[in-house]
Amino acid sequence: MTTDTDLEAEIQRLLAEHDRIAEQGITVQRRDHLIVLGGEVESAQRRDEICKQITAHFPDVQITCDIGITRSQAPSEVEEIS
């Protein structure tokens with residue numbers, strides 16, 4: 001039987017070691033009966049790939065991706081400060 005801590009560690013290991021993910025900035029938290037992936041990545045495609053790989057490796061675990069997208073380009077307009 002896999003404990004919650006073991007499952008979280010397995011997911012963290014996969015996030016760090018998988019050749020298509022290699023991500024260490026994602027958090028893994030157990031909330032009730034599901035695992036929540038959090039953090040920020042540079043694109044929606046990157047987020048989708050992470051969620052896809054984790055879901056494929058752990059098909060029996062309910063996983064929610066709460067991964068945000070960071071802005072990687074310079075702002076397109078001037079911010080007005082008053």
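Helices (H or I, at least four residues) and strands (E, at least two) are DSSP runs, numbered from the N terminus. I note that this is a predicted model, in which local features need pLDDT of at least 70 and side-chain atom pairs count only at pLDDT 80 or more, while totals for chains, interfaces and linings use all residues. Residues are numbered from 1 along each chain as its sequence is written, and side-chain values use heavy atoms, with hydrogens and water left out.

Next I looked up the sheet, which is open and has three strands in the order β1-β2-β3, with mixed pairing; two strands pair if DSSP finds at least two bridges between them. Its edge strands are β1 (27–31) and β3, each of which pairs on one side only.

I then followed the parallel strands β2 (residues 34–41) and β3, which are joined by seven bridges. Along them, L37 stands opposite C65 of β3, and V36 stands opposite T64 of β3.

Last I turned to D66, which lies in strand β3 (residues 63–69). Leaving aside residues up to four places away in sequence, D66 touches V36, L37, G38 and G39, contact meaning heavy atoms within 4.5 Å. I also checked R47, which is 19 residues from D66 along the chain, and the C-alpha atoms of the two are separated by 9.2 Å.
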